[in-house]
Amino acid sequence: MQAKQFFFPGTHPAGVEPPREAVSVDDQLIRQLKARAAKLPVEGELASFAGATGWINSAPLSPANLRGKVVLVDFWTFTCVNWLRTFPYVRAWAQKYGDKALVVIGVHTPEFPFEGDIDNVRKQAKALGVEYPIAVDTNYGVWRAFDNNYWPALYLADAQGRIRAHQFGEGAYEMSEMILQQLLADAGFSVFRDDLVTVQPGGTQVGADLSTLESGETYTGHEQAEGFASPGGAVPDEPRTYTVPTRLNLNEWALAGDWTITGRAAVLNQANGRIAFRFHARDVNLVMGPPKGVPSVPFRVFIDGKTAGGADGSDVDGQGHGAADDQRLYQLVRQRGRIEDRTFEIEFLAAGAEAYCFTFG
């Protein structure tokens, strides 16, 4: 077996991208991990899903009717870039072991208000290809039952309804799958290949390039905003005309045009408003969307004052054009060349755009 890169992430709060350390994995380490998976502690009982406000892809499930099954509980929300990067693995496990007594349950607990709408969850789950059962956790009832604090978070329960392992944040995919295999074997379901899944993610599901990543998650609403550099600062919850300063330092951002900075988002009041961000990363992502009742808001993306041709993300064409037609995470920039400090700009060509949060990869 050839050596490969294996990442062990640290525990991190919801919405925070963790630093990760690359460790070379060889046959000896794989054997050690398998031995560790065979000696799992009991961390507690599988908590109730009674706090769910609805279910998608399934009738309501409970710990009692899941007895005899190995259960993977995945806390997620559809705008979370950290979860999007883990999803290819969770989906692959559901497909590989779904007929071998594994039940995957995605608990969708919202970060932003629009993620609490079950119709939005249903639409985005379908677009992403989430086909396993989803407990819609709009009121955080399941989140509290599990005493959870993270997106994403995996909890692995055995066939007796006992939680045997957990994983907070991205990474440790090999370890998580080997634990699944051990729990299935302990339950008498060992007729499966014991190799590990491989995935080929695209777009926002591609892991971050940690060797070049120097920009972090940045919110635009005044409740959590940092690094705002428009002259005069932010005026909360009131319309104001903002400008971009002559120079932005790394990880500073600014608005240009008529905006209202609400608690959770910056909302554009008139067409041709812009957001500028000085960043250092391969990818630029933005949680954004049109206002309710508006089909879409067209936009253009620029890097260092030029259209983002050749560095366009999966939601932008080769001329830097795109349209915000849903409230979700958009990949606006993916650089193919050398990564250095650059200035990103997005110009919205119609009023109403709602911008929530930048993430980078």
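Let's start with Arg334. At 16% relative accessibility, Arg334 counts as buried. Buried here means under 20% relative accessible area, exposed means over 50%, and partly exposed is in between, with a 1.4 Å probe and protein chains only.

Quick ground rules. This is a predicted model, where local features need pLDDT of at least 70 and side-chain atom pairs count only at pLDDT 80 or more, while totals for chains, interfaces and linings use all residues. Residues are numbered from 1 along each chain as its sequence is written, and side-chain values use heavy atoms, with hydrogens and water left out.

Back to Arg334. What does its side chain meet in a salt bridge? Asp283, at 2.7 Å, N to O. Asp283 lies in strand 15 (residues 283-289) and Arg334 in strand 19 (residues 328-334), so this pair ties together parts 51 residues apart in sequence. Asp283 is buried too, at 2%. A salt bridge means a side-chain nitrogen of Lys or Arg within 4 Å of a carboxyl oxygen of Asp or Glu. By that rule, the count is 16. Helices (H or I, at least four residues) and strands (E, at least two) are DSSP runs, numbered from the N terminus.

Next, strand 16, residues 297-303. Five of its seven residues are buried, so the strand is largely enclosed by the rest of the structure. Which strands pair with strand 16? Pairing takes at least two DSSP bridges between two strands. Strand 18 (residues 321-324) pairs antiparallel, over four bridges. Strand 20 (residues 342-348) is also antiparallel, with five. Strand 17 (residues 306-307) runs antiparallel as well, with two.

Look at Arg300. Its bridge partner in strand 18 is His321. In strand 20, Arg300 partners Glu347. Phe302 has Thr307 as its partner in strand 17.

Now the hairpin of strands 16 and 17. Two residues sit between the strands, and Asp304 takes a positive phi near 50°. Asp304 also forms a salt bridge with Arg278, closest N and O atoms 3.8 Å apart. Asp304 is in the loop between strand 16 and strand 17, and Arg278 is in strand 14 (residues 273-279), so the pair ties together parts 26 residues apart in sequence. Buried or exposed? Both partly exposed: Asp304 at 37%, Arg278 at 22%.

One more pair. Arg328 bridges to Asp315, with closest N and O atoms 3.0 Å apart. Arg328 lies in strand 19 and Asp315 in the loop between strand 17 and strand 18, so parts 13 residues apart in sequence are tied together. Arg328 is buried, at 19%.

Finally, a network. Lys96, Glu177 and Asp195 are joined by salt bridges that share partners.
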